[in-house]
Amino acid sequence: MLCERFGGSLTNGYWYPVGSAGLDLDLDAVAAGSARARVRELLEDLPPTVVADVVQVMDELTSNARLHGAAPRRCRVRLRPQRVRVEVDDTDPGRPRPRAPQGTGGRGLILVDRLATAWACTAGRDRKTVWAELDLEPRHPA
């Protein structure tokens with residue numbers, strides 16, 4: 001259990017972390033399904049709706065990095081008091097821009113914007129990090 005590994009407190013039957021715990025994934029070596037499973041395992045003691053939202057946001061950001069970014073690509077998920085932070089790096093400095101949905105694309109950043117408490121992109125000359133933070137309290141009932 002995460003409480004035993006990282007410390008924290010139980011509230012309403014769910015674990016809320018103290019400090020920071022998380023994982024770091026090499027997206028060029030880890031399959032998408034495996035990344036989702038590792039995030040679910042990390043967050044197993046949180047409310048199911050929070051876990052689903054975090055996994056969805058992580059999946060959207062990593063899919064964008066795989067589709068539009070360049071290697072090396074990494075994903076970090078950090079548990080903090082009150083929030084979960086997802087960060088995805090790639091070496092394409094172009095900033096992501098929400099676009100109008102068409103066919104099977106264009107919905108990812110719209111979902112991120114709706115599910116995340118905050119999200120943004122920090123870009124340098126030869127890389128960028130797209131990050132999103134989600135509250136640990138469920139935004140919608142299970």
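Mentor: A crossing of two helices is left-handed if the near helix is turned anticlockwise from the far one by less than a right angle, and right-handed if it is turned clockwise. Please keep in mind throughout that the model before us is predicted.

Trainee: Is the crossing in which α3 passes α4 left-handed or right-handed?

Mentor: Helix α3 covers residues 48–68 and helix α4 covers residues 108–115, and the two pack with their axes 9 Å apart. The angle between them is about 145°. With the convention above, the crossing of α3 past α4 is left-handed.

Trainee: How do the residues of the contact of α3 with α4 divide into nonpolar, polar and charged?

Mentor: From α3 the contact takes Asp 53, Gln 56, Val 57, Glu 60, Leu 61 and Asn 64, while α4 brings Gly 108, Leu 109, Leu 111, Val 112 and Leu 115. Counted by class, the residues of this contact are six nonpolar, three polar and two charged.

Trainee: In what pattern do the elements of the protein chain follow one another along the sequence?

Mentor: The protein chain holds four helices and seven strands. Read along the sequence, these elements give the pattern α-β-β-β-α-α-β-β-α-β-β.

Trainee: Which element gives the most residues to the largest nonpolar core?

Mentor: This core has 33 residues, among which Leu 43, Leu 61 and Val 77 touch the most other members. Two or more residues come from each of β3 (21–26), α2 (32–42), α3, β4 (74–80), β5 (83–90), α4 and β7. The element that gives the most, with eight residues, is α3.

Trainee: Which residues is Leu 61 in contact with, leaving aside its neighbours within four places in sequence?

Mentor: Leu 61 is one of the α3 residues that make the contact with α4, and it is also among the core residues that touch the most other members. Leaving aside neighbours within four places in sequence, the partners of Leu 61 are Val 86, Val 88, Leu 109, Val 112, Val 130, Trp 131 and Ala 132.

Trainee: Is Val 50 buried, partly exposed or exposed?

Mentor: Val 50 belongs to helix α3, and, beyond neighbours within four places in sequence, it is in contact with Asp 135, Leu 136, Glu 137 and Pro 138. Because its relative accessibility is 3%, Val 50 counts as buried.

Trainee: What distance separates the C-alpha atoms of Pro 47 and Leu 136?

Mentor: Pro 47 sits in the loop between α2 and α3, and at 2% relative accessibility it counts as buried. Along the chain, Pro 47 and Leu 136 are 89 residues apart, yet their C-alpha atoms are separated by 7.8 Å.

Trainee: Which residues does a cis peptide bond join?

Mentor: The place to look is the loop between α3 and β4, where Pro 72 lies. There omega is about 0° for the cis bond, and the residues joined are Ala 71 and Pro 72.

Trainee: Does Gly 124 count as buried, partly exposed or exposed?

Mentor: Gly 124 lies in the loop between β6 (118–123) and β7 (128–135), and its C-alpha atom is 9.1 Å from that of Thr 91, a residue 33 places away in sequence. Buried means under 20% relative accessible area and exposed means over 50%. At 33%, therefore, Gly 124 counts as partly exposed.

Notes. Residues numbered from 1 in each chain as written. Predicted model: local features only at pLDDT ≥ 70, side-chain atom pairs only at ≥ 80, totals over all residues. Heavy atoms only, no water. Buried < 20%, exposed > 50% of the residue type's maximum accessible area, 1.4 Å probe, protein only. Axes fitted to C-alpha atoms, helices over the stretch in contact; angles between N-to-C directions. Contact = heavy atoms within 4.5 Å. Nonpolar A, V, L, I, M, F, W, Y, C, P; charged D, E, K, R; others polar. Core = buried A, V, L, I, M, F, W, Y, C linked by side-chain atoms within 4.5 Å.
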